[in-house]
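Dear colleague,

Please find below the structure that I am handing over to you, followed by an account of what was found in it. I would be grateful if you read the account with the coordinates open.

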Amino acid sequence: MAQKFQLILQDKINLAPNTQHFRFICDDPTLSYKAGQFISLHIQKDGVEHRRNYSIANAPSEGNLIELAMSYLPNGLASTLLANMSPGDTLQASGPYGQFILKEESLPKRYILIGTGTGITPYLSMLPQLGHLLATTALEVVILQGVRTAQDLLYGNQFVEFAAKYPRASFYACYSREVLAQPQAFEVTGHVQDNLEKLQITPANEIAYLCGNPQMVDDAFQKLQELGLERVQIRREKYIASKA
């Protein structure tokens, strides 16, 4: 059930040229959420409350810690506020919300998890849960992150290490605007949807998750259907930037 709470900023770090990672402490120790869910920030401006949604980037097992990733939008209400926050500053928020979660009661043979930009954060939150499933079942997992260039990659080390730890897990960074002279094994060229055919999809065994840029979500949704997946096998969450 969604509830209201206060977030206290602990610190923030730069992930990429235009993206930061924020660590907050939630003042409500009873807050409980599932990996893949999001919270809503409540922001006051000119006497009006605005809400902006952010996926939780850390796993639920980390107590009252809440981590978020934010890509800066010039003059954006939330991104401007967050960019100017200092440790100790507070925000009002509510949540958790959303059903973009892993459903273990209907486990497929393979999860295909696709994200662009900060749309990769739900999968970061899911890594401990996925690791448990990989260790205890025959599940396979492939994660694709779409970014423009290598310097835009978010949480790359965590995903590479995860794939190295579990033999049935794979991670691919898809660069839409850069061709590397000497790419590493996990680096490929093109948009994420352009790399889906390489996964040798067998429709009866797959469940796909799409999160991030609306155009990518729509394009990948169409591509996955062309490759044989039914609509019910594809779960979607679009990140739509607000200009206000």
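The protein chain has four helices and twelve strands. Its radius of gyration is 18 Å, close to the 18 Å that the globule rule gives for 244 residues, so the chain is as compact as a globular protein of that length. Please note that this is a predicted model. Along the principal axes, the C-alpha trace spans about 50 × 40 × 30 Å.

Some totals for the chain follow. Of the 244 residues, 50% count as buried. Among contacts with a separation of 6 or more, 70% are made by residues 24 or more positions apart. The chain exposes about 11900 Å², and carbon and sulfur atoms supply 49% of this area. As to charge, there are 21 positive and 23 negative charges, and their mean positions are 4 Å apart.

Strand pairing around E11

Strand E11 comprises residues 206-212 and is mostly covered, with seven of its seven residues buried. Strand E11 pairs with strand E7 (residues 110-116) in the parallel sense, over six bridges. Within this pairing, Ile112 has Ala208 of E11 as its bridge partner. Strand E11 is also joined to strand E12 (residues 234-238), again in parallel, by five bridges. Here Leu210 stands opposite Arg236 of E12.

Strand pairing around E6

With strand E1 (residues 3-16), E6 forms six bridges in the antiparallel sense, and Phe5 stands opposite Ala93 of E6. With E3, strand E6 pairs over four bridges, likewise antiparallel; the bridge partner of Ser40 in E6 is Ser94. Strand E6, residues 90-97, also contains Pro96. A cis peptide bond joins Gly95 to Pro96, with omega at about 0°.

Ala57 is placed in the loop between strand E4 (48-55) and strand E5 (65-71). Is Ala57 buried or exposed? Its relative accessibility is 2%, so Ala57 counts as buried, the cut-off for buried being under 20%. Leaving aside neighbours within four places in sequence, Ala57 is in contact with His21, Glu67, Leu68, Thr121, Leu124, Ser125 and Tyr155. Ala57 and Ala35, 22 residues apart in sequence, have C-alpha atoms 8.3 Å apart in space.

Tyr155, one of the contacts of Ala57, lies in the loop between strand E8 (140-147) and helix H3 (156-165). Tyr155 is buried as well, with a relative accessible area of 6%. The phi angle of Tyr155 is near 60°, a positive value in a residue other than glycine.

Asp46

A positive phi is also found at Asp46, a residue other than glycine, where the angle is near 55°. Asp46 lies in the loop between strand E3 (38-45) and E4. What is the relative accessible area of Asp46? The value is 73%, and Asp46 is therefore exposed, as the cut-off for exposed is over 50%.

Asn18 is found in the loop between E1 and strand E2 (19-26). With a relative accessible area of 40%, Asn18 is partly exposed. Not counting residues up to four places away in sequence, Asn18 touches Met70, Ser71 and Tyr72. Of these, Met70 is 52 residues away from Asn18 in sequence, and the C-alpha atoms of the two are 8.4 Å apart in space.

Glu226 is found in helix H4, which covers residues 214-226. The relative accessible area of Glu226 is 54%, so this residue is exposed. Glu226 and Glu197 are 29 residues apart in sequence, while their C-alpha atoms are 10.0 Å apart in space.

With kind regards

Conventions:
Residues numbered from 1 in each chain as written. Predicted model: local features only at pLDDT ≥ 70, side-chain atom pairs only at ≥ 80, totals over all residues. Heavy atoms only, no water. Helix = DSSP H or I, 4+ residues; strand = E, 2+ residues; numbered from the N terminus. Rg over C-alpha atoms; globule rule 2.2 N^0.38 Å. Buried < 20%, exposed > 50% of the residue type's maximum accessible area, 1.4 Å probe, protein only. Contact = heavy atoms within 4.5 Å. Areas by Shrake-Rupley, 256 points an atom, 1.4 Å probe, with all protein chains shown as cover. Lys, Arg positive; Asp, Glu negative; His and termini not counted. Charge placed at Lys NZ, Arg CZ, Asp CG, Glu CD. Pairing = 2+ DSSP bridges.
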